[in-house]
Amino acid sequence: MTGLGPGVSAQTAREELREWRQDDPPVHGGRVLAYVYDAGVEQAIEAGLEALASFGEVNALDPLAFPSVARLENSLVGWGLDLMRAPDGAVGTVTSGGTESCILAVLATRGRGSTILMGETAHPAFHKAAHLLGMRTRVLPVDPQSLRLTGEAVATALDEEDDVALVVASAPSYAHGVVDEIPAIAAASQARGVPCHVDACIGGIVLAYARPDGAPAFDLSVPGVSSIAFDLHKYGFAPKGTSLLLFADPQLRAATYFTFSQWPGYPVVNTTLQSTKSAGPMAAAWAVARVLGDDGYRDAVSRALLATEAIAEAVEGIDGLRVLGRPDATLLALASDGERGIDPFRLADAMKARGWSLQPQPSFGSLPRTVHLTVQPVSWESVGALTADLRAAAGEARSQPWAQVGEDLEAAFAGLPDLTGGGGLPDEMAGVHALIDALPPGVRDPALAAILGALFSPRR
Ligand SMILES: Cc1ncc(COP(=O)(O)O)c(C=O)c1O
């Protein structure tokens, strides 16, 4: 006897899933300003979901058995290489997402050294890569004003370290939405014979389609940039499960392939970390890109940028709140401004009460606590409502004390809501975020793992 019980009709299963889905926030409409990306083009959404279903059972492990897989991959990589102005001979791989692209970019260079050199705002996926691949990270502070990793910092560190396998720069960083000094970083790397990877997972499409309106240089046309990644499941507006990882030099890509034929079964040939994998996400990304086309992306990106500008302008007019840095794309980090500034965590709660989901970001070193917004093309249609609610929420948050925890952090942690108890999260999360914020670095990560472990515990 297993725990499944007797089978039910497809209709029943569908209804049960629909019910579970009702507790999720909406993935379309722009009310959720993190994790989801809505261009608001109905035909593209439909085409993507249809392709996801119709290719869901195709095994992308083997392009010889399923020739459509090679067609899809070559078509997506070809587009990516054009978009990222790759040199002749450049190649690429379709991966399952940003993290896999980061890990494979590191794997490509592991033979050259054991250190990944990166800014403190680089995505944690590079720490994960170091953890998984037995490497170390050397983390450099970003410029305190611009929040960018500078060419100077990288050059100095490269002169100190003789075991650097890869330099990583962000275009832009997730936390603050600013692009690192990529031409200077890539030049410093090239001068010392070290490859330079640009993590454009979140902003690559936005920056590329915003050209030539003054977008910063970041792509494979920049001398010294040896690889770049951008995610189709972010501003490519595709369903989850695809990113493009591009290499200027095919030898770098070759180092990411895994082949094994010394066993009595089928020869295993993998371009990514997964072996058997669905062709669904890749087909979906292709369908979305095909429907949108260059004009669709240009239009979507320009709406997202206009909305970002309008929100940033509104924030400038709100007492006690400011935009951190000078964002280059469509990501905003809002911080407290002045002595009696607004607590970003309280702001997030006040916005939540008005139906908007913003993402609290804890403080780190000298970087303050902020609230993050991933602005989307559909945000342009609701920018009036969003900015009006921001003003009202800021007014409410201004009158509240900053969310804090007492000295007994252990007791506060034990008092966190029982996430598995079915009660769900409290409406006001500022206290929980303040607790995470207050935990010393060595305690924060195990605490987060404990919360996750509690969440993923089936009741049997
Ligand atoms: C700059 C950057 N790199 C990498 C990632 C990781 O991407 P994923 O969540 O698709 O694994 C993200 C995610 O937001 C990101 O913003």
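Tyr-35 counts as exposed, with a relative accessibility of 59%. In this predicted model, Tyr-35 sits in the loop between α1 and α2 (42-54). Its backbone deserves a look too: Tyr-35 is not a glycine, yet its phi is positive, at about 75°.

For Tyr-35 the 59% lies over 50%, so the residue is classed as exposed. As background, most residues other than glycine have a negative phi, and most peptide bonds are trans.

Ala-171 and Pro-172 are joined by a cis peptide bond, with omega at about -5°. Pro-172 belongs to the loop between β4 (164-170) and α7 (182-191).

Another loop residue is Ile-342, found between β11 (331-336) and α11 (344-353). Its relative accessibility is 0%, so Ile-342 counts as buried.

Now for the surface. Glu-15, Glu-16, Glu-19 and Asp-23 together form a negative patch. One of them, Glu-16, is in helix α1 (residues 10-21). Glu-16 has a relative accessible area of 42% and is therefore partly exposed.

A nonpolar surface patch of about 440 Å² is built from Phe-258, Phe-260, Trp-263 and Tyr-266. Tyr-266 is located in the loop between β8 (258-260) and β9 (268-270). Is Tyr-266 buried, partly exposed or exposed? At 46% relative accessible area, Tyr-266 is partly exposed.

Here are the accessibility values side by side:

| Residue | Relative accessible area | Class |
|---|---|---|
| Tyr-35 | 59% | exposed |
| Tyr-266 | 46% | partly exposed |
| Glu-16 | 42% | partly exposed |
| Ile-342 | 0% | buried |

Finally, the overall layout. The chain is divided into domain 1, spanning 50-289, and domain 2, spanning 409-455. Taken over C-alpha atoms, the centres of domain 1 and domain 2 are separated by 33 Å.

Note on methods: Residues numbered from 1 in each chain as written. Predicted model: local features only at pLDDT ≥ 70, side-chain atom pairs only at ≥ 80, totals over all residues. Heavy atoms only, no water. Patch = residues over 30% accessible without salt bridge, like charges linked within 9 Å, V, L, I, M, F, W, Y side chains within 5 Å. Areas by Shrake-Rupley, 256 points an atom, 1.4 Å probe, with all protein chains shown as cover. Salt bridge = Lys/Arg side-chain N within 4 Å of Asp/Glu carboxyl O. Lys, Arg positive; Asp, Glu negative; His and termini not counted. Charge placed at Lys NZ, Arg CZ, Asp CG, Glu CD. Helix = DSSP H or I, 4+ residues; strand = E, 2+ residues; numbered from the N terminus. Buried < 20%, exposed > 50% of the residue type's maximum accessible area, 1.4 Å probe, protein only. Domains from an automatic or database assignment.
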